[in-house]
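Open your viewer and get your selection tool ready. We will go from stop to stop, with a note on what to pick at each one.

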Amino acid sequence: MKTYLKILVPFIAALLIGLIPVPAGLPAYAWYFFAIFCGCIIGLIFEPLPGAVIGLISVVATAMLAQYALFSPEQLASPKFNWPDNALKWAISGFSNTTVWLIFGAFMFAMGYSKTGLGRRIALWLVKALGKRTLTLGYAIMISDVLLAPFTPSNTARSGGIIFPIISNLPPLYDSKPNDLSMKRIGTYLMWVAIASTCVTSTLFMTALATNTLSIGLVDSITGIRISWGEWFSVTAPAGILLLIIVPLLSYWMCPPEIKQGNSIPEWAATELATMGKISRNEVLLLVSVFCALFLWIFGGSFISTAMVGLLVLALLLILNVIKWDDVLSNTTAWSTLIWYATLMAMADGLKNVGFVSWFGGIMGGHLQGLTPMVAMIMLTCIYYFLHYLFASSSAHATALLPVILAVASGIPGLDMRLFVLILLPVAGLMGIITPYGTGPSPVYYGGGYLPSTLWWKLGAVFGVLFLVVWLALTIPWLMFLQS
(Lines give C-alpha, C1' and ligand atoms only; values in the text may rest on other atoms or scores of the structure.)
Protein backbone atom coordinates (compact mmCIF):
# COMPACT_ATOMS: atom_id res chain seq x y z
CA MET A 1 0.00 0.00 0.00
CA LYS A 2 1.43 3.35 -1.04
CA THR A 3 2.19 5.92 1.64
CA TYR A 4 -0.49 8.42 0.62
CA LEU A 5 -3.13 5.68 0.72
CA LYS A 6 -1.95 4.65 4.18
CA ILE A 7 -2.33 8.26 5.30
CA LEU A 8 -5.90 8.38 4.02
CA VAL A 9 -7.01 5.09 5.62
CA PRO A 10 -7.27 6.42 9.23
CA PHE A 11 -9.26 9.47 8.08
CA ILE A 12 -11.61 7.37 5.98
CA ALA A 13 -12.08 4.88 8.82
CA ALA A 14 -12.90 7.67 11.31
CA LEU A 15 -15.38 9.21 8.85
CA LEU A 16 -17.14 5.91 8.14
CA ILE A 17 -17.44 5.06 11.86
CA GLY A 18 -18.77 8.54 12.53
CA LEU A 19 -21.46 8.07 9.89
CA ILE A 20 -22.76 4.91 11.56
CA PRO A 21 -25.96 5.64 13.52
CA VAL A 22 -25.19 6.51 17.14
CA PRO A 23 -25.82 3.47 19.40
CA ALA A 24 -28.67 3.69 21.87
CA GLY A 25 -27.72 5.08 25.25
CA LEU A 26 -24.61 6.87 24.01
CA PRO A 27 -24.47 10.65 23.37
CA ALA A 28 -23.66 11.62 19.80
CA TYR A 29 -20.53 13.57 20.76
CA ALA A 30 -19.14 10.48 22.55
CA TRP A 31 -19.64 8.39 19.41
CA TYR A 32 -17.87 10.97 17.26
CA PHE A 33 -14.98 11.06 19.70
CA PHE A 34 -14.79 7.26 19.50
CA ALA A 35 -14.67 7.53 15.70
CA ILE A 36 -11.62 9.80 15.92
CA PHE A 37 -10.06 7.48 18.50
CA CYS A 38 -10.51 4.53 16.11
CA GLY A 39 -8.86 6.53 13.35
CA CYS A 40 -5.92 7.11 15.70
CA ILE A 41 -5.60 3.39 16.44
CA ILE A 42 -5.76 2.44 12.77
CA GLY A 43 -3.07 5.01 12.10
CA LEU A 44 -0.86 3.47 14.78
CA ILE A 45 -1.35 0.02 13.25
CA PHE A 46 -0.62 1.03 9.63
CA GLU A 47 2.02 3.63 10.65
CA PRO A 48 1.90 5.84 7.56
CA LEU A 49 3.54 8.49 9.76
CA PRO A 50 5.51 8.31 13.04
CA GLY A 51 3.42 7.52 16.12
CA ALA A 52 3.99 10.96 17.61
CA VAL A 53 2.61 12.61 14.46
CA ILE A 54 -0.45 10.36 14.50
CA GLY A 55 -1.11 11.21 18.14
CA LEU A 56 -0.66 14.92 17.46
CA ILE A 57 -3.04 14.85 14.48
CA SER A 58 -5.62 13.01 16.60
CA VAL A 59 -5.69 15.55 19.43
CA VAL A 60 -5.64 18.47 16.99
CA ALA A 61 -8.55 17.03 15.03
CA THR A 62 -10.51 16.39 18.23
CA ALA A 63 -9.82 19.86 19.59
CA MET A 64 -10.89 21.46 16.31
CA LEU A 65 -14.11 19.43 16.36
CA ALA A 66 -14.59 19.80 20.12
CA GLN A 67 -18.10 21.24 19.70
CA TYR A 68 -19.18 17.96 18.13
CA ALA A 69 -16.76 15.34 19.47
CA LEU A 70 -15.59 16.36 22.94
CA PHE A 71 -18.04 18.54 24.89
CA SER A 72 -21.63 17.84 25.81
CA PRO A 73 -24.52 20.13 24.80
CA GLU A 74 -24.89 21.08 28.47
CA GLN A 75 -21.27 22.26 28.64
CA LEU A 76 -21.58 24.21 25.41
CA ALA A 77 -24.80 25.85 26.59
CA SER A 78 -23.11 27.35 29.64
CA PRO A 79 -22.27 31.06 29.09
CA LYS A 80 -19.11 30.68 31.18
CA PHE A 81 -17.82 27.74 29.16
CA ASN A 82 -15.24 28.82 26.58
CA TRP A 83 -14.94 25.75 24.39
CA PRO A 84 -11.85 26.78 22.36
CA ASP A 85 -9.82 27.37 25.54
CA ASN A 86 -11.06 24.17 27.13
CA ALA A 87 -10.31 22.23 23.96
CA LEU A 88 -6.72 23.48 24.08
CA LYS A 89 -6.43 22.57 27.78
CA TRP A 90 -7.60 19.08 26.97
CA ALA A 91 -5.24 18.75 23.98
CA ILE A 92 -2.15 19.51 26.08
CA SER A 93 -3.36 17.75 29.24
CA GLY A 94 -1.30 14.65 28.47
CA PHE A 95 1.90 16.60 29.06
CA SER A 96 0.98 16.91 32.74
CA ASN A 97 0.78 13.13 33.09
CA THR A 98 3.56 11.92 35.39
CA THR A 99 4.16 8.65 33.57
CA VAL A 100 4.97 10.54 30.38
CA TRP A 101 7.82 12.33 32.14
CA LEU A 102 8.94 9.12 33.86
CA ILE A 103 9.48 7.48 30.49
CA PHE A 104 11.26 10.60 29.20
CA GLY A 105 13.69 10.55 32.14
CA ALA A 106 14.28 6.83 31.71
CA PHE A 107 15.16 7.32 28.03
CA MET A 108 17.91 9.66 29.18
CA PHE A 109 19.27 6.89 31.40
CA ALA A 110 19.42 4.66 28.34
CA MET A 111 21.32 7.35 26.46
CA GLY A 112 23.80 7.52 29.34
CA TYR A 113 24.49 3.79 29.10
CA SER A 114 25.23 4.13 25.42
CA LYS A 115 27.17 7.41 25.56
CA THR A 116 29.47 6.39 28.45
CA GLY A 117 29.93 2.80 27.27
CA LEU A 118 28.82 1.43 30.64
CA GLY A 119 26.21 -0.88 29.11
CA ARG A 120 28.75 -2.46 26.76
CA ARG A 121 31.29 -2.82 29.58
CA ILE A 122 28.79 -4.61 31.85
CA ALA A 123 27.88 -7.07 29.09
CA LEU A 124 31.54 -7.75 28.25
CA TRP A 125 32.41 -8.30 31.92
CA LEU A 126 29.73 -10.94 32.22
CA VAL A 127 30.66 -12.60 28.93
CA LYS A 128 34.29 -12.77 30.03
CA ALA A 129 33.39 -14.23 33.42
CA LEU A 130 30.74 -16.74 32.28
CA GLY A 131 31.59 -17.40 28.66
CA LYS A 132 33.58 -20.63 28.92
CA ARG A 133 30.42 -22.76 28.92
CA THR A 134 27.57 -22.11 26.51
CA LEU A 135 24.90 -22.51 29.20
CA THR A 136 26.56 -20.02 31.55
CA LEU A 137 27.07 -17.70 28.59
CA GLY A 138 23.29 -17.77 28.18
CA TYR A 139 22.97 -16.71 31.80
CA ALA A 140 25.52 -13.93 31.21
CA ILE A 141 23.34 -12.58 28.39
CA MET A 142 20.27 -12.75 30.63
CA ILE A 143 22.02 -11.02 33.56
CA SER A 144 23.27 -8.27 31.25
CA ASP A 145 19.69 -7.53 30.25
CA VAL A 146 18.57 -7.57 33.90
CA LEU A 147 21.20 -5.00 34.86
CA LEU A 148 20.30 -2.66 32.01
CA ALA A 149 16.53 -3.12 32.06
CA PRO A 150 15.41 -0.93 35.01
CA PHE A 151 16.85 2.16 33.33
CA THR A 152 16.30 1.42 29.64
CA PRO A 153 12.61 1.81 28.73
CA SER A 154 13.30 0.88 25.13
CA ASN A 155 13.98 -2.84 24.88
CA THR A 156 15.02 -2.09 21.31
CA ALA A 157 17.79 0.18 22.58
CA ARG A 158 18.69 -2.22 25.39
CA SER A 159 18.64 -5.56 23.60
CA GLY A 160 18.83 -4.54 19.96
CA GLY A 161 21.24 -1.64 20.49
CA ILE A 162 23.58 -2.87 23.25
CA ILE A 163 23.34 -6.65 23.71
CA PHE A 164 22.80 -7.78 20.10
CA PRO A 165 25.89 -6.00 18.69
CA ILE A 166 28.00 -7.75 21.33
CA ILE A 167 26.61 -11.28 21.03
CA SER A 168 26.51 -11.10 17.22
CA ASN A 169 30.32 -11.24 17.41
CA LEU A 170 30.28 -14.51 19.36
CA PRO A 171 28.96 -17.20 16.96
CA PRO A 172 31.64 -16.56 14.27
CA LEU A 173 34.28 -17.38 16.88
CA TYR A 174 33.06 -20.97 16.63
CA ASP A 175 32.32 -20.87 12.89
CA SER A 176 28.56 -20.58 13.51
CA LYS A 177 27.19 -18.61 10.56
CA PRO A 178 23.76 -16.99 9.93
CA ASN A 179 21.40 -18.51 7.37
CA ASP A 180 23.44 -21.69 7.40
CA LEU A 181 23.20 -25.10 9.06
CA SER A 182 26.13 -24.06 11.24
CA MET A 183 23.80 -21.61 13.05
CA LYS A 184 22.91 -24.49 15.37
CA ARG A 185 26.47 -24.68 16.67
CA ILE A 186 25.87 -21.80 19.07
CA GLY A 187 24.27 -18.83 17.30
CA THR A 188 20.63 -19.93 17.49
CA TYR A 189 20.86 -20.59 21.22
CA LEU A 190 22.47 -17.25 22.05
CA MET A 191 20.01 -15.23 19.99
CA TRP A 192 16.95 -16.94 21.43
CA VAL A 193 18.17 -16.52 25.01
CA ALA A 194 18.68 -12.82 24.34
CA ILE A 195 15.22 -12.12 22.90
CA ALA A 196 13.43 -14.32 25.45
CA SER A 197 15.29 -12.69 28.34
CA THR A 198 14.45 -9.15 27.22
CA CYS A 199 10.75 -10.07 27.03
CA VAL A 200 10.86 -11.21 30.67
CA THR A 201 12.84 -8.20 31.92
CA SER A 202 10.37 -5.98 30.04
CA THR A 203 7.72 -7.36 32.39
CA LEU A 204 9.83 -7.48 35.54
CA PHE A 205 10.57 -3.75 35.70
CA MET A 206 8.05 -1.00 35.10
CA THR A 207 10.67 1.15 33.38
CA ALA A 208 12.05 -1.64 31.17
CA LEU A 209 9.40 -1.18 28.48
CA ALA A 210 7.79 2.04 27.32
CA THR A 211 4.45 0.27 26.95
CA ASN A 212 4.40 -0.41 30.68
CA THR A 213 4.35 3.26 31.57
CA LEU A 214 1.95 3.99 28.72
CA SER A 215 -0.42 1.35 30.13
CA ILE A 216 -0.11 2.75 33.63
CA GLY A 217 -0.97 6.19 32.32
CA LEU A 218 -3.96 4.83 30.43
CA VAL A 219 -5.18 3.04 33.55
CA ASP A 220 -4.74 6.20 35.61
CA SER A 221 -6.68 8.24 33.05
CA ILE A 222 -9.52 5.73 32.73
CA THR A 223 -9.85 4.31 36.25
CA GLY A 224 -7.89 6.64 38.53
CA ILE A 225 -5.75 3.70 39.73
CA ARG A 226 -2.08 4.55 40.19
CA ILE A 227 0.76 2.05 40.38
CA SER A 228 4.21 2.86 41.73
CA TRP A 229 7.54 1.46 40.58
CA GLY A 230 7.93 -0.49 43.80
CA GLU A 231 4.42 -1.94 43.68
CA TRP A 232 4.95 -3.07 40.10
CA PHE A 233 8.20 -4.86 41.02
CA SER A 234 6.70 -6.45 44.14
CA VAL A 235 3.99 -7.98 41.93
CA THR A 236 6.18 -9.11 39.04
CA ALA A 237 9.17 -10.41 41.02
CA PRO A 238 8.06 -14.02 41.76
CA ALA A 239 7.09 -14.95 38.19
CA GLY A 240 9.70 -12.73 36.55
CA ILE A 241 12.66 -14.02 38.53
CA LEU A 242 11.59 -17.65 38.06
CA LEU A 243 11.25 -17.16 34.30
CA LEU A 244 14.66 -15.51 34.08
CA ILE A 245 16.19 -18.49 35.86
CA ILE A 246 14.62 -21.05 33.54
CA VAL A 247 14.86 -19.20 30.19
CA PRO A 248 18.56 -19.99 29.48
CA LEU A 249 18.09 -23.61 30.59
CA LEU A 250 14.86 -24.17 28.67
CA SER A 251 16.41 -22.56 25.59
CA TYR A 252 19.37 -24.94 26.02
CA TRP A 253 16.91 -27.86 25.80
CA MET A 254 14.67 -26.47 23.05
CA CYS A 255 17.47 -25.35 20.70
CA PRO A 256 20.53 -27.24 22.00
CA PRO A 257 23.87 -25.77 20.92
CA GLU A 258 26.43 -28.12 19.42
CA ILE A 259 29.26 -26.20 21.08
CA LYS A 260 29.06 -26.77 24.83
CA GLN A 261 32.22 -24.99 25.96
CA GLY A 262 35.34 -23.19 24.76
CA ASN A 263 37.79 -20.39 25.48
CA SER A 264 37.35 -18.24 22.38
CA ILE A 265 34.48 -16.13 23.73
CA PRO A 266 36.08 -15.12 27.07
CA GLU A 267 39.31 -14.31 25.24
CA TRP A 268 37.46 -12.11 22.75
CA ALA A 269 35.63 -10.31 25.59
CA ALA A 270 38.91 -9.73 27.43
CA THR A 271 40.40 -8.18 24.28
CA GLU A 272 37.39 -5.90 23.86
CA LEU A 273 37.59 -4.79 27.50
CA ALA A 274 41.29 -4.07 27.14
CA THR A 275 40.48 -1.92 24.11
CA MET A 276 37.92 0.03 26.14
CA GLY A 277 40.50 0.73 28.85
CA LYS A 278 39.82 1.42 32.52
CA ILE A 279 36.37 2.39 33.71
CA SER A 280 35.91 6.11 33.17
CA ARG A 281 34.76 8.86 35.51
CA ASN A 282 31.49 9.21 33.62
CA GLU A 283 30.78 5.48 33.86
CA VAL A 284 31.27 5.58 37.64
CA LEU A 285 29.04 8.64 37.99
CA LEU A 286 26.35 7.01 35.85
CA LEU A 287 26.55 3.84 37.93
CA VAL A 288 26.11 5.83 41.15
CA SER A 289 23.20 7.72 39.61
CA VAL A 290 21.56 4.46 38.57
CA PHE A 291 21.70 3.08 42.12
CA CYS A 292 20.38 6.36 43.54
CA ALA A 293 17.44 6.30 41.14
CA LEU A 294 16.70 2.67 41.95
CA PHE A 295 16.77 3.43 45.69
CA LEU A 296 14.40 6.39 45.30
CA TRP A 297 12.03 4.46 43.04
CA ILE A 298 11.74 1.71 45.62
CA PHE A 299 11.83 3.65 48.90
CA GLY A 300 11.21 7.31 48.06
CA GLY A 301 7.53 7.22 47.21
CA SER A 302 6.53 9.13 50.34
CA PHE A 303 8.57 12.24 49.48
CA ILE A 304 9.34 12.18 45.74
CA SER A 305 7.30 11.04 42.75
CA THR A 306 8.59 8.36 40.43
CA ALA A 307 8.71 10.77 37.49
CA MET A 308 10.58 13.39 39.50
CA VAL A 309 13.29 10.84 40.28
CA GLY A 310 14.02 10.51 36.57
CA LEU A 311 14.13 14.28 36.07
CA LEU A 312 16.28 14.75 39.20
CA VAL A 313 18.87 12.25 38.00
CA LEU A 314 18.78 13.78 34.53
CA ALA A 315 19.59 17.16 36.08
CA LEU A 316 22.46 15.60 38.07
CA LEU A 317 23.90 13.93 34.96
CA LEU A 318 23.83 17.31 33.20
CA ILE A 319 25.46 19.10 36.16
CA LEU A 320 28.18 16.44 36.38
CA ASN A 321 28.71 16.64 32.61
CA VAL A 322 28.08 12.91 32.17
CA ILE A 323 25.76 13.90 29.35
CA LYS A 324 25.43 17.28 27.67
CA TRP A 325 22.36 19.34 26.88
CA ASP A 326 23.05 18.83 23.18
CA ASP A 327 22.78 15.08 23.84
CA VAL A 328 19.36 15.64 25.40
CA LEU A 329 18.22 17.78 22.48
CA SER A 330 19.48 15.27 19.93
CA ASN A 331 17.70 12.31 21.58
CA THR A 332 14.88 12.31 19.06
CA THR A 333 13.49 9.01 20.37
CA ALA A 334 12.88 10.49 23.81
CA TRP A 335 11.21 13.65 22.50
CA SER A 336 9.14 11.71 20.01
CA THR A 337 8.00 9.33 22.75
CA LEU A 338 7.13 12.27 25.00
CA ILE A 339 4.81 13.76 22.35
CA TRP A 340 3.42 10.37 21.32
CA TYR A 341 2.50 9.21 24.81
CA ALA A 342 1.24 12.62 25.94
CA THR A 343 -1.20 12.76 23.04
CA LEU A 344 -2.32 9.16 23.58
CA MET A 345 -2.94 9.92 27.26
CA ALA A 346 -5.17 12.83 26.25
CA MET A 347 -7.10 10.61 23.83
CA ALA A 348 -7.58 7.89 26.47
CA ASP A 349 -8.67 10.47 29.02
CA GLY A 350 -11.16 11.87 26.50
CA LEU A 351 -12.60 8.40 25.90
CA LYS A 352 -13.43 8.26 29.61
CA ASN A 353 -14.64 11.86 29.88
CA VAL A 354 -17.19 11.58 27.08
CA GLY A 355 -18.69 8.53 28.78
CA PHE A 356 -17.79 5.92 26.17
CA VAL A 357 -15.84 3.69 28.59
CA SER A 358 -18.64 3.43 31.15
CA TRP A 359 -21.24 2.86 28.40
CA PHE A 360 -19.27 0.11 26.69
CA GLY A 361 -18.31 -1.49 29.99
CA GLY A 362 -21.93 -1.71 31.05
CA ILE A 363 -22.95 -3.41 27.81
CA MET A 364 -20.09 -5.94 27.64
CA GLY A 365 -20.05 -6.59 31.38
CA GLY A 366 -23.64 -7.72 31.16
CA HIS A 367 -22.62 -10.54 28.80
CA LEU A 368 -20.05 -11.84 31.31
CA GLN A 369 -22.22 -11.77 34.42
CA GLY A 370 -22.35 -15.57 34.56
CA LEU A 371 -18.58 -15.73 35.20
CA THR A 372 -16.92 -15.31 38.58
CA PRO A 373 -14.72 -12.21 38.80
CA MET A 374 -11.52 -14.31 38.91
CA VAL A 375 -12.45 -16.38 35.85
CA ALA A 376 -13.36 -13.18 34.01
CA MET A 377 -9.99 -11.60 34.90
CA ILE A 378 -8.08 -14.65 33.66
CA MET A 379 -10.12 -14.84 30.48
CA LEU A 380 -9.68 -11.15 29.69
CA THR A 381 -5.93 -11.39 30.35
CA CYS A 382 -5.61 -14.36 27.97
CA ILE A 383 -7.60 -12.52 25.29
CA TYR A 384 -5.42 -9.44 25.68
CA TYR A 385 -2.26 -11.57 25.56
CA PHE A 386 -2.99 -13.69 22.48
CA LEU A 387 -4.47 -10.83 20.47
CA HIS A 388 -0.90 -9.62 20.27
CA TYR A 389 -0.54 -11.93 17.27
CA LEU A 390 -2.39 -9.16 15.40
CA PHE A 391 -0.04 -6.33 16.43
CA ALA A 392 3.52 -5.41 15.52
CA SER A 393 3.71 -2.78 18.27
CA SER A 394 3.00 -3.32 21.96
CA SER A 395 2.22 0.39 22.28
CA ALA A 396 -0.40 0.21 19.53
CA HIS A 397 -1.73 -2.96 21.16
CA ALA A 398 -2.14 -1.24 24.54
CA THR A 399 -3.67 1.90 23.06
CA ALA A 400 -6.19 -0.06 21.01
CA LEU A 401 -7.21 -2.80 23.44
CA LEU A 402 -6.51 -1.64 26.97
CA PRO A 403 -9.40 0.89 27.16
CA VAL A 404 -11.74 -1.79 25.80
CA ILE A 405 -10.56 -4.47 28.23
CA LEU A 406 -10.82 -2.05 31.16
CA ALA A 407 -14.31 -1.04 30.06
CA VAL A 408 -15.42 -4.67 29.95
CA ALA A 409 -13.87 -5.39 33.36
CA SER A 410 -15.55 -2.35 34.91
CA GLY A 411 -18.95 -3.78 33.97
CA ILE A 412 -18.43 -7.11 35.79
CA PRO A 413 -19.99 -7.07 39.27
CA GLY A 414 -17.57 -7.79 42.10
CA LEU A 415 -14.41 -7.52 40.00
CA ASP A 416 -11.49 -5.93 41.88
CA MET A 417 -10.19 -3.48 39.30
CA ARG A 418 -6.86 -2.84 41.03
CA LEU A 419 -6.18 -6.57 41.28
CA PHE A 420 -7.09 -6.96 37.62
CA VAL A 421 -4.78 -4.25 36.30
CA LEU A 422 -1.88 -5.68 38.30
CA ILE A 423 -2.48 -9.04 36.61
CA LEU A 424 -3.08 -7.56 33.16
CA LEU A 425 -0.57 -4.78 32.56
CA PRO A 426 2.75 -6.61 33.03
CA VAL A 427 1.99 -9.20 30.33
CA ALA A 428 2.84 -6.52 27.74
CA GLY A 429 6.48 -7.57 27.99
CA LEU A 430 5.92 -11.32 28.00
CA MET A 431 3.69 -11.37 24.94
CA GLY A 432 6.48 -9.91 22.81
CA ILE A 433 8.01 -13.38 22.47
CA ILE A 434 5.19 -14.96 20.46
CA THR A 435 6.01 -13.55 17.00
CA PRO A 436 9.06 -12.33 15.04
CA TYR A 437 7.47 -8.87 15.08
CA GLY A 438 6.01 -8.91 18.60
CA THR A 439 8.36 -6.43 20.29
CA GLY A 440 10.93 -3.81 19.27
CA PRO A 441 14.12 -5.92 19.09
CA SER A 442 12.39 -8.95 17.52
CA PRO A 443 13.08 -7.84 13.92
CA VAL A 444 16.72 -7.25 14.88
CA TYR A 445 17.17 -10.83 16.06
CA TYR A 446 15.01 -12.26 13.29
CA GLY A 447 17.05 -10.38 10.72
CA GLY A 448 20.29 -11.66 12.27
CA GLY A 449 19.84 -14.94 10.42
CA TYR A 450 20.13 -17.33 13.37
CA LEU A 451 16.41 -17.74 14.05
CA PRO A 452 14.55 -19.04 10.97
CA SER A 453 10.87 -18.19 10.67
CA THR A 454 9.60 -21.73 11.32
CA LEU A 455 11.75 -22.10 14.41
CA TRP A 456 10.68 -18.71 15.78
CA TRP A 457 6.97 -19.46 15.43
CA LYS A 458 7.44 -22.83 17.16
CA LEU A 459 9.57 -21.48 19.99
CA GLY A 460 7.36 -18.40 20.27
CA ALA A 461 4.26 -20.54 20.79
CA VAL A 462 5.95 -22.73 23.42
CA PHE A 463 7.57 -19.89 25.33
CA GLY A 464 4.51 -17.68 24.93
CA VAL A 465 2.20 -20.24 26.54
CA LEU A 466 4.79 -21.04 29.23
CA PHE A 467 5.26 -17.37 30.09
CA LEU A 468 1.53 -16.80 30.46
CA VAL A 469 0.92 -19.99 32.49
CA VAL A 470 3.76 -19.21 34.90
CA TRP A 471 2.58 -15.60 35.16
CA LEU A 472 -1.00 -16.50 36.06
CA ALA A 473 -0.09 -19.48 38.25
CA LEU A 474 2.32 -17.51 40.42
CA THR A 475 1.09 -13.93 40.27
CA ILE A 476 -2.56 -14.48 41.17
CA PRO A 477 -1.82 -16.40 44.44
CA TRP A 478 0.96 -13.92 45.21
CA LEU A 479 -1.40 -10.97 44.80
CA MET A 480 -4.00 -12.64 46.98
CA PHE A 481 -1.34 -13.14 49.63
CA LEU A 482 -0.20 -9.50 49.41
CA GLN A 483 -3.80 -8.33 49.83
CA SER A 484 -4.53 -10.62 52.78
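Select Thr134 and show its contacts (heavy atoms within 4.5 Å): leaving out residues up to four places away in sequence, Thr134 touches Ile186, Tyr189, Tyr252, Pro257, Ile259, Lys260 and Gln261. This is a predicted model, where local features need pLDDT of at least 70 and side-chain atom pairs pLDDT 80 or more, while totals for chains, interfaces and linings use all residues. Residues are numbered from 1 along each chain as its sequence is written, and side-chain values use heavy atoms, without hydrogens and water.

Thr134 lies in helix H9 (residues 134-148); helices are DSSP runs of H or I, at least four residues, numbered from the N terminus. Is Thr134 buried or exposed? Its relative accessibility is 3%, so Thr134 counts as buried (under 20% relative accessible area, with a 1.4 Å probe and protein chains only). Its side chain reaches the backbone oxygen of Ile259 at 2.5 Å.

Next, the aromatic rings. The whole structure holds 19 aromatic pairs (ring centres of Phe, Tyr or Trp, its six-membered ring, within 6.5 Å; stacked if the planes are under 30 degrees apart, edge-to-face if over 60, otherwise tilted). Select Phe34 and Phe356: with centres 4.2 Å apart and planes at 10°, the pair is stacked. Phe34 sits in helix H2 and Phe356 in helix H19, 322 residues apart.

Now pick Trp192 and Trp456, whose centres are 5.4 Å apart with planes at 85°, so this pair is edge-to-face. Trp192 is buried at 0%, and Trp456 is buried at 0%.

Notes:
Helices (H or I, at least four residues) and strands (E, at least two) are DSSP runs, numbered from the N terminus. Buried means under 20% relative accessible area, exposed over 50%, partly exposed in between (1.4 Å probe, protein chains only). A polar contact is a pair of N or O atoms within 3.5 Å; within protein, one must be able to donate a hydrogen and the other to accept it, and residues adjacent in sequence count only if both atoms are side-chain atoms.
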